[in-house]
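Trainee: Hi! Could you walk me through this structure? I'd like to begin with what "buried" means.
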Amino acid sequence: MLPFFNHQNIDCVLEVMKILKRCECDVFEFTHQRDARGIRMFAWLADRAKELGITMGAGTILDASQANRYIRVGAQFIASPFLHEDVAQACHDNDVLWIPGCTTLADVQQATAWGATAVMIIPGNILGPDFVKQVVTIHPELMCIPSGGVTVAKNNIGSWFDAGALCVRLGDALFTREDVAVKDWGKIESNVFHAFQGVKQLKSSILRTKSISI
């Protein structure tokens with residue numbers, strides 16, 4: 001799964017990263033804060049990510065200037081909510097993974113034309129697993145990541161993997177506003193642990209089923 005999170009308190013973000021690592025999740029998307037402080041926070045957290053062994057990227061990146069600034073301070077991937085050719089070019093020039101948001105098959109086609117190897121399917125709860133199946137059928141080489149309205153319920157996550165998704169992008173489903181507000185890190189860690197274990201079990205089961213059918 002691809003967890004994403006943001007908070008004005010840098011210690012809260014670091015605590016979330018530590019929880020992810022303890023739960024054996026080694027990837028994290030930092031949501032852009034839309035001000036210079038976000039870049040400074042990311043730069044400091046990127047050093048902590050290296051210490052923890054976490055692959056850390058920046059999300060909600062809207063233009064090449066933002067992409068380049070995050071890449072300079074250590075972003076290992078860039079996620080955009082929409083298609084932006086200048087962001088695609090910035091990532092290509094720096095050999096950094098670009099993950100654009102796509103809402104139609106035309107979007108997916110354009111993303112691949114601009115060099116995308118992974119796309120976010122947004123909004124996931126509206127487009128649904130059938131859309132992912134379509135994308136995977138047309139572009140079997142493309143990695144699909146549903147986002148928006150994705151929950152940690154097994155039947156929800158399982159439907160995405162059955163459709164061919166690489167992983168699911170999760171935010172509030174893991175880090176609820178209520179839990180974060182009171183800093184209930186124990187509950188949050190429990191949520192992350194059970195979600196990640198459930199994802200691993202589901203993917204293993206699906207892979208075994210496909211292996212048997214082949």
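Mentor: Happy to! A residue is called buried when its relative accessible area is under 20%. Keep in mind that we are looking at a predicted model.

Trainee: Okay, so why does Phe42 count as buried?
Mentor: Because its relative accessibility is 0%, Phe42 counts as buried. Tyr70 is also at 0% relative accessibility, so Tyr70 counts as buried.

Trainee: And what do Phe42 and Tyr70 form?
Mentor: Phe42 and Tyr70 form an edge-to-face aromatic pair, with 5.1 Å centre to centre and 90° between the planes. This pair links distant parts of the chain: Phe42 is in helix α2 (residues 36-52) and Tyr70 is in helix α3 (residues 64-72), 28 residues apart.

Trainee: Which residues do ring pairs link into a cluster?
Mentor: Phe30, Phe42 and Tyr70 are linked into a cluster by ring pairs.

Trainee: How many aromatic pairs are there in the whole structure?
Mentor: A search of the whole structure turns up four. One of them joins Phe5 and Phe175, edge-to-face, at 5.2 Å centre to centre with 65° between the planes. Phe5 sits in strand β1 (residues 2-5), while Phe175 is in the loop between β8 (169-170) and α8 (177-181), 170 residues apart.

Trainee: Are Phe5 and Phe175 buried or exposed?
Mentor: Phe5 and Phe175 are both buried.

Trainee: New topic: which residue lies over the face of Trp44?
Mentor: That's Arg48, at 4.6 Å from the ring centre of Trp44. Elsewhere, Arg169 lies over the face of Phe4, at 3.8 Å from the ring centre.

Trainee: Then at what angle do α1 and α2 cross?
Mentor: The axes of helix α1 (residues 10-22) and α2 cross at roughly 25° and come within 11 Å. That angle is under 35 degrees, so α1 is roughly parallel to α2. The crossing of α1 past α2 is right-handed.

Trainee: Which residues meet there?
Mentor: On the α1 side they include Ile10, Val13 and Leu14, and on the α2 side they include Met41, Trp44 and Arg48.

Trainee: Last one: where is Gln66, and why is it called buried?
Mentor: Gln66 is found in helix α3. Its relative accessible area is 10%, so Gln66 is buried. Not counting residues up to four places away in sequence, Gln66 touches His32, Thr60 and Ile61.

Note on methods
Residues numbered from 1 in each chain as written. Predicted model: local features only at pLDDT ≥ 70, side-chain atom pairs only at ≥ 80, totals over all residues. Heavy atoms only, no water. Phe/Tyr/Trp six-rings, centres within 6.5 Å; stacked < 30°, edge-to-face > 60°. Helix = DSSP H or I, 4+ residues; strand = E, 2+ residues; numbered from the N terminus. Buried < 20%, exposed > 50% of the residue type's maximum accessible area, 1.4 Å probe, protein only. Lys NZ or Arg CZ within 6 Å of the ring centre and 35° of its normal. Axes fitted to C-alpha atoms, helices over the stretch in contact; angles between N-to-C directions. Parallel < 35°, antiparallel > 145°, perpendicular 65-115°, else oblique. Left-handed = near helix turned anticlockwise from the far one by under 90°. Contact = heavy atoms within 4.5 Å.
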